[in-house]
Every structure is written in structure tokens, then in C-alpha cells.
Amino acid sequence: MYPSHIYQGEVTPFRQPQRRMNPTLKDIVKEEIQKLLNVRFIYPISDSKWLSSLVVVPKKVFGKWIICVDFWELNKSTLKDDFPLPLIDQILDTLFGKKYFSFLYGYSRYNQILITPEDQYKTTFTCLWGTYAYRVLRFGLCNAPATFQRGVIGIFVDLIHDCVEVYMDEFTLYGNTY
């Protein structure tokens, strides 16, 4: 997929202060940061004009924690992508009466889309171990769903509404014959 830009008008960069972290979560965050470094989704950066803070939230289903970046200020200044997401009722109309289905989940969805190098610094976040920026599109960026949907539609253009439906990171393959 093509690299993704973070388009902005004339804005003043915003720098959020680091948030206090519950001491019991330090090891969880450190481990997650190391995982992201190991797969090269993030890299250390020291000269960014943008700085967002890290937020750790509980994931209710599994009793785990999700490490998020507070991109609120960045998202406010980002020009919105108007690429349409599919309408659920139209997807359901397409699937109605079909005999066979296969449901796939796009596990690493946004992580497959690179952010253009000239925009990566805008994703800089701070934590106890330093400041890091994302190389890949991140959940929480305002245009991530539209960017991903555009990319997936581009890949499956000949199959959409024929035997494949895509909504965000959910893929449904369908037909009347096996």
C-alpha cells in the first residue's frame, strides 16, 4: 500500500507533557515499547515539534492493558479524509441469501501502511524511556480507517461486491458455491 501522509493546514505544533504512570504498569509499557522497537514500528526521536503522551487503558475482555497514544491535538489539526466507509446495511443486503461465508480479521491492519518519512515526526510520543515516533499508521490517528479502507478497496477492487466485502479490518468472503 502507498505511504500515508498526515496533511495539515497552517498549525502550531503541540507538545503534551508526559503523563504520570501507575508504577504497576511500567513493566507492561516497557515490554510493549520494546516489541514495537523490535518490529521497527517505532524509532527513537529527539527533535520533534509534536509530542503526544502515552495512555494505558484496561481492556475489559481479557483483563489486559492497551497502550495508546493520545493523538487528540494532532487529530484536531489534521485535514480530514472524506473517503467513505461502507454502509453496514448495504453490506448485509449484499450478503443476504448467500450460502457460504468465510470471515477474516485483518490482524495487523494499519501496521501495514507506512507513514511518509516527512510526516512521521508528527506521531512522536513520550514515555518514561524517551520519545519515539511511528513509522507505520497507528490506530487512533483520525484518517487511519479511511486510509486503510482505500488501500484494501484498491487491492480487492475486482472482487468487492462480487465475492468479498470489507468493513475496516473485517473481511467477508461469500458465495453460493463452495
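This is a predicted model: local features need pLDDT of at least 70, side-chain atom pairs count only at pLDDT 80 or more; totals for chains, interfaces and linings use all residues.

Reader: Thanks. Is Ile-6 buried or exposed?
Author: Ile-6 counts as buried because its relative accessibility is 8%. Buried means under 20% relative accessible area, exposed over 50%, and partly exposed in between, using a 1.4 Å probe and protein chains only. Ile-6 lies in the segment before helix 1, and its C-alpha is 20 Å from that of Arg-40, 34 residues apart in sequence.

Reader: And Ser-4, where is that one?
Author: Ser-4 also has its place in the segment before helix 1. At 6% relative accessibility, Ser-4 counts as buried. Leaving aside neighbours within four places in sequence, its contacts are Ile-113, Leu-114, Ile-115, Thr-116, Leu-137 and Thr-147.

Reader: Switching to the fold: how many helices and strands does the protein chain have?
Author: There are four helices and eight strands in the protein chain. They are DSSP runs numbered from the N terminus, with helices (H or I) of at least four residues and strands (E) of at least two. From the N terminus on, the order reads α-β-β-β-α-α-β-β-β-α-β-β.

Reader: In what order do the strands of the open sheet come?
Author: Five strands form that open sheet, in the order 1-6-5-2-3, with mixed pairing. Strand 1 (42–44) and strand 3 (64–69) are the edge strands, each pairing on one side only. The twist from one strand to the next averages 40°. Two strands pair if DSSP finds at least two bridges between them.

Reader: What packs on the sheet?
Author: Helix 1 (residues 26–38) does, touching strand 1, strand 2, strand 3, strand 5 and strand 6 (130–134). Its direction makes about 100° with that of strand 1. For such angles, axes are lines fitted to C-alpha atoms, for helices over the stretch in contact, and the angles run from 0 to 180 degrees between N-to-C directions.

Reader: How do strand 2 and strand 5 run?
Author: Strand 2 (residues 52–59) and strand 5 (residues 125–127) run parallel, joined by two bridges. Ser-53, in strand 2, stands opposite Thr-126 in strand 5.

Reader: Why does Ser-53 count as buried?
Author: Because its relative accessibility is 1%. Its contacts, not counting residues up to four places away in sequence, include Gln-16, Arg-19, Cys-68 and Asp-70. Pro-17 is 36 residues from Ser-53 in sequence, with 6.5 Å from C-alpha to C-alpha.

Reader: What about strand 7 and strand 8, parallel or antiparallel?
Author: Strand 7 (residues 164–167) and strand 8 (residues 170–175) are antiparallel, paired over four bridges. Glu-165 has Thr-172 in strand 8 as its bridge partner. The hairpin has two residues between the strands, and Met-168 takes a positive phi near 60° there.

Reader: Last one: what does the C-alpha trace span?
Author: It spans about 55 × 40 × 25 Å along the principal axes. Of the 178 residues of the protein chain, 39% count as buried.

Notes
Residues are numbered from 1 along each chain as its sequence is written. Side-chain values use heavy atoms; hydrogens and water are left out. Contact means heavy atoms within 4.5 Å.
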